[in-house]
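Here are a few friendly notes to read alongside the model. Take them in order, with the structure open beside you.

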Amino acid sequence: MMQSIVVLLMFVVGCVLGHVCGINWQLHNLSLYILYALMFQVGLSVGCSDNFKAILKNFRPKMLLLPLTTITGTVLFSALVSLALTHWSVFDCMAVGSGMGYYSLSSILVTQLKLPSLGEQLAAELGTIALLSNVFRELIALVCAPLIRKLLGPLAPITAAGVTSVDVCLPAIGRVSGKEMIPVALFHGMLLDMSVPLLIPLVCEF
């Protein structure tokens, strides 16, 4: 939880400094290089994981059902949210939801890919929404894990965590859902980790 709070604090500090100091960086160029670095980090984190080989060795096709359910449910719910919003289209909302809790990568991707169609101001706003919504997803998964487990079963905290079921939320998942769910959570998080760079560009095409 502390990591998520630090992210929120850094975001607030950045907003204040940008407003007070009038910093005017080139959004397109800066975000493009950050995007490349984050894409490299995604591949590096998956490939260097100590659990990667073990998960591949113990892979069973039915293990795909949970991440597929998470992706489908998240994207559909994001589309439904757009019905209550007039400012953003259904595909804008789906792009935000497609971050799956990966706030750093999703915010940059959404901003970068929406820049041509929305313009700099609106693209930055949507990227900010992607950052905050995915940070809050992680916070909710951490704080509400026991309640989610009680109401919806042992797999629910894993899907609620999204990408963070592989790292930040893993201890909470192991504690409330049982240690036997840890391999499932790891595979779920890794697959979502790899899906985010594919899902967001796909949705942003529309």
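1. Among contacts between residues at least 6 apart in sequence, 73% link residues that are at least 24 apart. Please keep in mind that this is a predicted model.

2. Read from the N terminus, the order is α-α-α-α-α-α-α-α-α-α-α.

3. On burial and surface, 43% of the 206 residues in the chain are buried. The accessible surface of the chain is about 11400 Å², and carbon and sulfur atoms account for 72% of that area.

4. Now go to the start of the chain. Ile 5, Val 6, Leu 9, Met 10, Val 13 and Leu 17 make up a nonpolar patch on the surface, and together they have about 510 Å² of accessible area. One of these residues, Leu 17, sits in helix H1, which covers residues 2-21. Leu 17 has a relative accessible area of 43%, so it counts as partly exposed, a class that lies between the 20% limit for buried and the 50% limit for exposed.

5. Helix H10 (residues 170-177) is worth a slow look, as it is mostly covered, with six of its eight residues buried. The buried ones are Leu 170, Ala 172, Ile 173, Gly 174, Val 176 and Ser 177. Just after H10 comes Gly 178, which takes a positive phi of about 105°.

6. Helix H11 also meets helix H5 (residues 90-97): the axes of the two come within 9 Å and cross at roughly 170°. That crossing angle makes H5 roughly antiparallel to H11, because angles over 145 degrees are counted that way. On the H5 side, the contact is made by Phe 91, Met 94 and Ala 95, and on the H11 side by Ile 200, Val 203 and Cys 204.

7. Stay with H11 for one more residue, His 188, which is found in this helix. Is His 188 buried or exposed? His 188 is buried, because its relative accessible area is 0%, and buried means under 20%. Leaving aside residues up to four places away in sequence, His 188 touches Leu 66, Pro 67, Thr 70, Ile 158, Thr 159, Gly 162 and Ser 165.

Methods: Residues are numbered from 1 along each chain as its sequence is written. This is a predicted model: local features need pLDDT of at least 70, side-chain atom pairs count only at pLDDT 80 or more; totals for chains, interfaces and linings use all residues. Side-chain values use heavy atoms; hydrogens and water are left out. Patches are made of residues with over 30% relative accessible area and no salt bridge: like charges are joined within 9 Å, nonpolar side chains (Val, Leu, Ile, Met, Phe, Trp, Tyr) within 5 Å. Accessible areas come from the Shrake-Rupley method with a 1.4 Å probe; for residues, only the protein chains shown count as cover. A salt bridge is a side-chain nitrogen of Lys or Arg within 4 Å of a carboxyl oxygen of Asp or Glu. Helices (H or I, at least four residues) and strands (E, at least two) are DSSP runs, numbered from the N terminus. Buried means under 20% relative accessible area, exposed over 50%, partly exposed in between (1.4 Å probe, protein chains only). Contact means heavy atoms within 4.5 Å. Axes are lines fitted to C-alpha atoms, for helices over the stretch in contact, and angles run from 0 to 180 degrees between N-to-C directions. Angles under 35 degrees count as roughly parallel, over 145 as roughly antiparallel, 65 to 115 as roughly perpendicular and the rest as oblique.
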